[in-house]
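Welcome! Here is a short briefing to read alongside the sequence and the 3D view.

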Amino acid sequence: MDHQFHTTRVLARDLAGTPELRSLWEFANSTFAHGARQYPEMGVSEGKRFEQPADFTEELGTDGVTFIHYVSSSREDSGKAKIVATAGCKPWSSAYKLDERVKRMREEREAREKEPAKSPEQDYDGFYTKEHEDQLLKQIEKLQLMDDSQGKDGIARWEVMTVCVHPEWQKKGLADKLLEKVAGEVSSQVKSLGQGPEFKLMVRTMKEINEKYWLSKGFKPVGEKFFEPGTFGSPTGFHIIDLSRDHRTT
């Protein structure tokens, strides 16, 4: 079948309110759900990667950039392009910034509780409950400064984020191509800021599911935290790890 591909670069601040944001949100959640179902023992198969479209841009931050890889075919959907892969990046912060999301979750829940037709138990898809908020808040402090070298060596760090590939298009090199674009983006950003010539790409992920993949891409572990059983519904507990890969500006 004759496929056509193209990749677009989008600034996170330009995504808000666009059709592309909702498409990215739906795509990221569907690929996350597919991956999570491969590891039922971890107890992470329920829920969404991003509860709302705004969560996608919020995680990328004001300085984030995302790359979207599209495919289209004249024989499918009248040639309409669809997303098959995405990857983003933003300046690295060793703090796991859930504070603003939890604040918004709380405000939304409190507003719903004031509606006569609803009770506290009828929260947004059963996800934004007070218990979930409390759990998130307890985890924020644990995830601070996993890689405490940030800023001490003068080397710029950027985080690789939301790397998703449609299941039908996996193992075709799309993730590698997008990672190359991410590295090129960071190289340009670092040079424009007068930093470099060295920089590091960072990844924060669940060890039990994704560590092997990122090690195969040349990343090395630099920090790790264990979360006890019961965290986010996991019956076994899990590790969150930070990994880094060295680069030079081009």
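The buried residues of helix H2 are Pro 53, Asp 55, Phe 56, Thr 57, Glu 59 and Leu 60. That makes six of the eight residues in H2, which spans residues 53-60, so the helix is largely enclosed by the rest of the structure. Just after H2 comes Gly 61, with a positive phi of about 80°. Please keep in mind that this is a predicted model.

**The overall picture**

- The protein has six helices and seven strands.
- Of the 250 residues in the protein, 43% are buried.
- If you take the contacts between residues at least 6 apart in sequence, 73% of them join residues at least 24 apart.

- The mean pLDDT of the protein is 80, and 72% of its residues reach 70 or more.
- Residues 118-128 call for some care, as pLDDT stays under 50 there.
- For that stretch, the model has 24 contacts beyond four places in sequence.

**The nonpolar cores**

- The largest nonpolar core holds 27 residues, and those touching the most other members are Val 160, Val 182, Val 186, Leu 201 and Trp 214.
- Two or more residues of this core come from each of these elements: strands E2 (65-73), E3 (82-91), E4 (156-165), E5 (198-206) and E7 (238-248), along with helix H5 (174-192).
- Which element gives the largest share of this core? Helix H5 does, with eight residues.
- Phe 56 brings us back to helix H2, where Phe 56 is one of the buried residues.

**Lys 90, a buried charge**

- Lys 90 sits in strand E3.
- Is Lys 90 buried or exposed? Lys 90 is buried, yet has no salt bridge.
- The nearest side chain of opposite charge belongs to Glu 159, 4.5 Å away; a salt bridge needs the nitrogen and oxygen within 4 Å.
- What the side chain of Lys 90 does reach is the backbone oxygen of Glu 59, at 2.6 Å.
- Glu 59 is itself one of the buried residues of H2.
- Leaving out neighbours within four places in sequence, the contacts of Lys 90 are Glu 59, Leu 60, Gly 64, Trp 158, Glu 159 and Met 161.

**Salt bridges across the chain**

- How many salt bridges does a search of the whole structure find? The search finds seven, and three of them are described here, including the one between Glu 185 and Arg 9.
- The side chains of Glu 185 and Arg 9 meet at 2.7 Å, N to O.
- Glu 185 belongs to helix H5 and Arg 9 to strand E1 (residues 3-11), so this pair ties together parts that are 176 residues apart in sequence.
- Glu 185 is buried, with a relative accessible area of 9%, whereas Arg 9 is partly exposed at 44%.
- Asp 176 and Lys 217 form another salt bridge through their side chains, at 2.8 Å, N to O.
- Asp 176 is in helix H5, and Lys 217 is in the loop between helix H6 (207-216) and strand E6 (220-227), so the pair ties together parts 41 residues apart in sequence.
- Asp 176 is partly exposed, with a relative accessible area of 33%.
- Arg 248 also forms a salt bridge, with Glu 198, and here the closest N and O atoms are 3.6 Å apart.
- This pair links distant parts of the chain, with Arg 248 in strand E7 and Glu 198 in strand E5, 50 residues apart.
- Arg 248 is exposed, with a relative accessible area of 52%, while Glu 198 counts as partly exposed at 37%.

**Ala 81, in a loop**

- Ala 81 is found in the loop between E2 and E3, and counts as partly exposed at 32% relative accessibility.
- Ala 81 and His 3 are 78 residues apart along the chain, and 9.8 Å separates their C-alpha atoms.
- Not counting residues up to four places away in sequence, Ala 81 touches His 6, Tyr 70, Val 71 and Ser 72.

Technical notes: Residues are numbered from 1 along each chain as its sequence is written. Side-chain values use heavy atoms; hydrogens and water are left out. A nonpolar core is a set of buried Ala, Val, Leu, Ile, Met, Phe, Trp, Tyr and Cys residues joined through side-chain atoms within 4.5 Å. Buried means under 20% relative accessible area, exposed over 50%, partly exposed in between (1.4 Å probe, protein chains only). Helices (H or I, at least four residues) and strands (E, at least two) are DSSP runs, numbered from the N terminus. pLDDT is the predictor's confidence in each residue, from 0 to 100. Contact means heavy atoms within 4.5 Å. Lys and Arg count as positive and Asp and Glu as negative; His and the chain ends are not counted. A polar contact is a pair of N or O atoms within 3.5 Å; within protein, one must be able to donate a hydrogen and the other to accept it, and residues adjacent in sequence count only if both atoms are side-chain atoms.
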